[in-house]
Amino acid sequence: MSALAPFGARLRQVMDERGPLCVGIDPHASLLAEWGLNDDVAGLERFSRTVVEAVADRVAVLKPQSAFFERFGSRGVAVLEKSVEQARAAGALVVMDAKRGDIGSTMAAYAEAFLHKDSPLFSDALTVSPYLGYGSLSPAVALARESGAGLFVLALTSNPEGGEVQHAIRADGRDVGATMLAHLAAENTGEEPLGSFGAVVGATLGDLSSYDLDINGPLLAPGIGAQGATPADLPTVFGSVVRNVVPNVSRGVLRHGPDVGALRAAAERFAEETRAAVA
Ligand SMILES: O=C(O)c1cc(=O)[nH]c(=O)n1[C@@H]1O[C@H](COP(=O)(O)O)[C@@H](O)[C@H]1O
């Protein structure tokens with residue numbers, strides 16, 4: 001594989017060309033059933049291939065949720081590998097949603113699995129959890145830089161339980177979520193047009209003006225659709241950095257399958273609404 005330009009630069013370009021939408025590939029058992037598919041590897045393969053076929057040539061980012069593939073063991077992971085390859089071949093960037101986080105030396109192995117350019121699961125970016133300490137992520141930061149990949153670090157997550165950790169106040173008076181944002185801002189210093197080290201910040205969180213979201217990096221914003229947020233909420237939540245937001249919709253699009261045209265139309269509606277909201 002030839003050397004890739006930095007993830008942040010590649011992301012900015014595809015967002016400018018296609019709009020910022022990220023569609024999640026989340027093959028819930030309930031969605032397989034709604035699509036008339038069996039809850040088995042063949043159903044998983046069909047689901048994932050259909051989503052890729054419907055949207056990978058038109059949205060900026062696809063985000064497969066690894067758990068739904070791991071559920072089927074090695075054959076599910078093989079489907080995941082294929083989906084990543086097909087989505088990238090169609091011009092979408094792939095954010096692998098595996099939310100990895102471990103002590104430094106083991107984190108290095110997770111980084112090899114998803115961010116080494118020769119790995120079968122190589123993805124343009126990976127979601128990671130910093131809750132073993134931000135510094136535990138440093139092997140992933142280093143390998144991402146080397147490979148032209150990126151990270152999305154869980155900072156202020158969309159789920160209501162997240163606050164008990166992320167809003168905890170540290171000795172310096174800042175909360176934990178703000179501290180993660182500050183680490184990312186440092187990582188992205190001087191990068192143009194956009195750094196490669198992003199934060200996950202839920203679109204469900206309302207006014208976040210007390211946080212400095214200006215990390216010179218992308219902000220992955222899940223929560224639109226099934227979790228209740230809408231594209232119109234984005235300017236309120238993200239204020240002046242709304243142009244750096246990558247809004248994710250999973251079930252809100254996926255529930256329109258299995259018809260390719262209906263999936264595509266749903267994604268295009270969200271794409272249009274998000275493009276308008278961030279303009
Ligand atoms: O990292 C994520 O992607 C993520 C972080 C977060 O704070 N909240 C969140 O919902 N997600 C993921 O985003 C997707 C949201 O799916 P829907 O609620 O179906 O749109 C799921 O794959 C979640 O695992």
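**Chatting through a predicted model**

Me: Let's start with Lys 99. Is Lys 99 buried, exposed or partly exposed?
Reply: Lys 99 counts as partly exposed, because 16 other C-beta atoms lie within 10 Å. Keep in mind that this is a predicted model.

Me: Thanks! Where is Lys 99 found?
Reply: Lys 99 is in strand E3.

Me: And what about the phi of Lys 99?
Reply: That phi is positive, about 45°, although Lys 99 is not a glycine.

Me: OK, what about Asn 216, what does its phi look like?
Reply: Asn 216 also isn't a glycine, and it has a positive phi of about 55°. Asn 216 sits in the loop between E6 and E7.

Me: Buried or exposed, that Asn 216?
Reply: Buried, since Asn 216 has 20 C-beta neighbours inside 10 Å and the cut-off for buried is 20 or more.

Me: Switching topic: which residues are closest to the ligand?
Reply: The closest are Thr 157, Ser 158, Pro 222, Ser 250 and Arg 251, out of 21 residues that surround the ligand.

Me: Which helix and strands each supply at least two residues of that shell?
Reply: Strand E3 (93–100), strand E8 (245–249) and helix H11 (251–254) do.

Me: How do the shell residues divide by class?
Reply: There are 13 polar residues, four nonpolar and four charged.

Me: Now Thr 204. What is it in contact with, leaving aside neighbours within four places in sequence?
Reply: Thr 204 touches Ser 158, Gly 223, Gln 227, Gly 228 and Ala 229. Its place is in the loop between strand E6 (197–201) and strand E7 (219–221).

Me: Why is Thr 204 called partly exposed?
Reply: Because 19 other C-beta atoms lie within 10 Å of Thr 204, and buried needs 20 or more.

Me: Helices next! How do the axes of H3 and H5 cross?
Reply: The axes of helix H3 (residues 41–55) and helix H5 (residues 73–89) cross at roughly 10° and come within 10 Å. So H3 is roughly parallel to H5.

Me: Which residues make the contact?
Reply: From H3 you have Val 41, Leu 44, Glu 45, Ser 48 and Val 52, and from H5 Arg 75, Gly 76, Val 79, Ser 83, Gln 86 and Ala 87. By class, that contact of H3 with H5 has five nonpolar, four polar and two charged residues.

Conventions: Residues are numbered from 1 along each chain as its sequence is written. This is a predicted model: local features need pLDDT of at least 70, side-chain atom pairs count only at pLDDT 80 or more; totals for chains, interfaces and linings use all residues. A residue is near a molecule or strand if its C-beta atom, placed from the backbone, lies within 6 Å of it. Helices (H or I, at least four residues) and strands (E, at least two) are DSSP runs, numbered from the N terminus. Ala, Val, Leu, Ile, Met, Phe, Trp, Tyr, Cys and Pro count as nonpolar, Asp, Glu, Lys and Arg as charged, and the others, Gly among them, as polar. A residue is buried if 20 or more other C-beta atoms lie within 10 Å of its own, exposed if 12 or fewer, and partly exposed in between; C-beta atoms are placed from the backbone. Two residues are in contact if their C-beta atoms, placed from the backbone, lie within 7 Å. Axes are lines fitted to C-alpha atoms, for helices over the stretch in contact, and angles run from 0 to 180 degrees between N-to-C directions. Angles under 35 degrees count as roughly parallel, over 145 as roughly antiparallel, 65 to 115 as roughly perpendicular and the rest as oblique.
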